[in-house]
Every structure is written in structure tokens, then in C-alpha cells.
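Please work through the exercises below with the sequence and the structure at hand, and try each task before you read its solution.

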Amino acid sequence: MDRLKDKIAVITGAADGIGHAIAEGMAREGAHVFIGDISDKKGETFAASLRDEGLRADYVHCDVAEDKDIQTLIGTAIEKGGRLDILVNNAAVAIGGFPVHEMTDEQWHKLIAINLTSVFRGCKHALPQMIEQGGGVIINMASAQGHIGLDGWTAYAGAKGAVMSMTRQMAVEFGPQNVRVNSISPGTINTPMNEKVIADLGEHVMRAWIKMHPVGRIGKPSEIAEAAIYLASDAAGFTTGIDLRVDGGLTAAPRFVPDLV
Ligand SMILES: NC(=O)c1ccc[n+]([C@@H]2O[C@H](COP(=O)([O-])OP(=O)(O)OC[C@H]3O[C@@H](n4cnc5c(N)ncnc54)[C@H](O)[C@@H]3O)[C@@H](O)[C@H]2O)c1
């Protein structure tokens with residue numbers, strides 16, 4: 001219950017999906033969570049519902065494509081909390097499901113801004129405070145897509161691969177300052193992001209996803225939240241520079257598992 005007691009945590013893209021589960025889980029573990037998102041109504045309602053339970057939560061509007069919004073989110077957490085212990089760079093969009101040569105420059109730049117530049121900016125604004133206070137934890141949301149290939153997702157996978165590489169670099173660079181930096185690579189998780197993919201591409205995609213995961217199902221947001229809580233907690237004090245795959249065996253398996261038995 002108290003794995004993150006009195007920690008100050010910022011989570012981007014936390015009004016829904018995986019970020020929502022991480023914020024809720026961290027708040028239940030004793031953290032004061034600062035929820036950033038563009039979905040203001042959902043974010044406000046979510047933060048209020050946590051406060052109603054006696055937990056500590058604030059919502060701050062934050063479009064991670066905007067540097068000033070990230071600065072405001074992190075600045076608010078530092079101002080209200082007096083420090084910053086945990087940053088979860090979670091927000092991202094799924095633009096894909098079509099060949100890379102059909103992607104416009106506009107789609108590419110939008111994806112890179114939200115899924116990759118946001119991670120650079122989040123770290124840039126969090127690190128000075130973490131270094132000054134003697135340490136902190138950064139968790140970047142990567143993806144199984146950064147490990148394996150899947151038709152139609154080149155740009156998304158490129159951004160996630162870069163997120164993992166930056167995670168390793170920063171772990172090395174800021175280890176001496178007691179800042180731990182790790183990433184999580186989820187397999188397919190039941191979130192609005194994937195509901196949209198199914199709505200756009202069809203139910204056959206869900207059947208393929210289930211088949212691709214050796215555990216025979218897709219994952220739950222709470223299963224990613226558990227990994228984030230662990231990485232943020234003192235129990236992971238010797239863990240930095242890793243990518244934690246929480247993917248039901250997806251990246252351990254051949255892409256399509258034949259019906260051999
Ligand atoms: N769902 C999956 O299967 C899966 C798999 C691997 C990795 N991931 C990664 O996990 C993270 C969360 O994914 P999800 O499935 O929960 O997504 P989601 O689309 O279900 O939820 C994303 C949240 O981010 C918010 N958001 C969108 N654009 C934003 C922006 N510009 N600024 C701030 N907030 C914004 C949305 O309003 C929403 O609340 C992402 O980094 C995603 O790439 C997801």
C-alpha cells in the first residue's frame with residue numbers, strides 16, 4: 001500500500017488507458033500524482049475521484065506536443081509538491097496501420113512530436129530538479145513494437161526504438177546523480193488506443209493480437225501500472241537502463257504462432 005509513500009509523481013497521458021492505471025496505482029501506493037492530458041474533462045473528473053477517496057491527485061492540462069505545457073505540468077508538481085520524484089513519459093498516439101510510403105510528412109512530424117520529442121522535453125524539464133534534490137526516477141513508455149516488426153507501424157516503432165535508446169543513454173549519464181531511467185515495453189493492452197485501431201481496421205486484428213501473445217490474451221492497463229510502480233519504488237533501486245517487457249510473451253514468440261497441437 002505504501003510503496004510510493006509521499007512521492008511526487010507526474011504522469012503524462014493519464015486521463016485514460018495505461019496512464020490512468022499508472023496514476024491510480026501510484027496514488028494508491030501513497031504518491032501525490034500530477035495527471036497531465038489533453039482530455040481536460042476526463043482528467044479533472046479522474047483527479048477529483050481520487051481526491052474523493054482521500055488520495056492526492058491534481059490534473060494539469062498538458063499537450064505533450066507543446067514544450068510550455070510540459071514545463072507547466074512539471075513546474076506545478078514541483079511548486080505544489082516541493083520536489084519531483086517520479087516522471088512517467090507515457091502519452092503517445094498510434095498513427096499507423098498503413099505502409100510507411102503512404103505516411104505524410106505531417107503525420108510523421110505529429111507522431112514524432114507526441115511520441116518522441118515529448119520524452120526529451122519531459123526529461124529536460126524534470127532532470128534539473130531531480131539532480132538538485134539528489135535523485136529521481138524516470139519511466140518512459142516504449143512498446144513491443146520497438147522490438148519486433150509489424151506491418152504498417154514503421155514510424156511508431158521508430159519512435160519507440162528511439163525512446164528505448166534514449167532511456168539507456170540517460171541511465172548511464174545520470175546514474176551518478178542517482179536518477180534511474182527505465183522504459184517499459186507493453187504488449188497489446190486493452191485501452192482506448194487499441195479500441196480505435198480495431199474500429200479503424202476491424203475485429204480480425206484483435207483475433208490476430210490474441211494469437212500473437214503466448215498467454216492467449218491481450219494485457220490489462222493495471223498490469224503495466226504494476227511494472228511502473230515497481231520501477232518507481234525503492235525495490236528497484238539497483239535497476240536502471242533497462243527496458244521491462246510486459247507483453248505476455250509477445251516478443252519471445254514467433255510472430256504468428258502456428259496451430260501445432
Ligand atoms: N495500448 C497498447 O497496446 C500499448 C502497447 C504498447 C505501448 N503502448 C504505449 O502506452 C502508452 C499509453 O497508451 P494507451 O494505449 O494507454 O493510449 P490511449 O490512447 O488509450 O490513452 C492515451 C492518453 O494520452 C492522452 N493523449 C493523447 N495525445 C496527447 C497529447 N498530445 N498530450 C497529452 N496527452 C495526450 C489521451 O487523451 C489519453 O488519455 C503510449 O505511450 C503507447 O504508445 C500502448
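**Exercise 1.** Is Asp67 buried, partly exposed or exposed, judged by its relative accessibility?

*Solution.* The model is predicted, so local features need pLDDT of at least 70 and side-chain atom pairs count only at pLDDT 80 or more, while totals for chains, interfaces and linings use all residues. Residues are numbered from 1 along each chain as its sequence is written, and side-chain values use heavy atoms, with hydrogens and water left out. Buried means under 20% relative accessible area, exposed means over 50%, and partly exposed lies in between (1.4 Å probe, protein chains only). Asp67 has 23% relative accessibility and therefore counts as partly exposed.

**Exercise 2.** Which residue forms a salt bridge with Asp67, and which helices hold the pair?

*Solution.* A salt bridge is a side-chain nitrogen of Lys or Arg within 4 Å of a carboxyl oxygen of Asp or Glu. The partner of Asp67 is Arg121, with the closest N and O atoms 3.7 Å apart. Because Asp67 lies in helix α3 (residues 67-81) and Arg121 in helix α4 (residues 105-133), the pair ties together parts that are 54 residues apart in sequence. Helices (H or I, at least four residues) and strands (E, at least two) are DSSP runs, numbered from the N terminus.

**Exercise 3.** Which residue forms a salt bridge with Glu223?

*Solution.* Glu223 pairs with Arg217, the closest N and O atoms being 2.7 Å apart. Glu223, at 26% relative accessibility, counts as partly exposed, and Arg217, at 37%, also counts as partly exposed.
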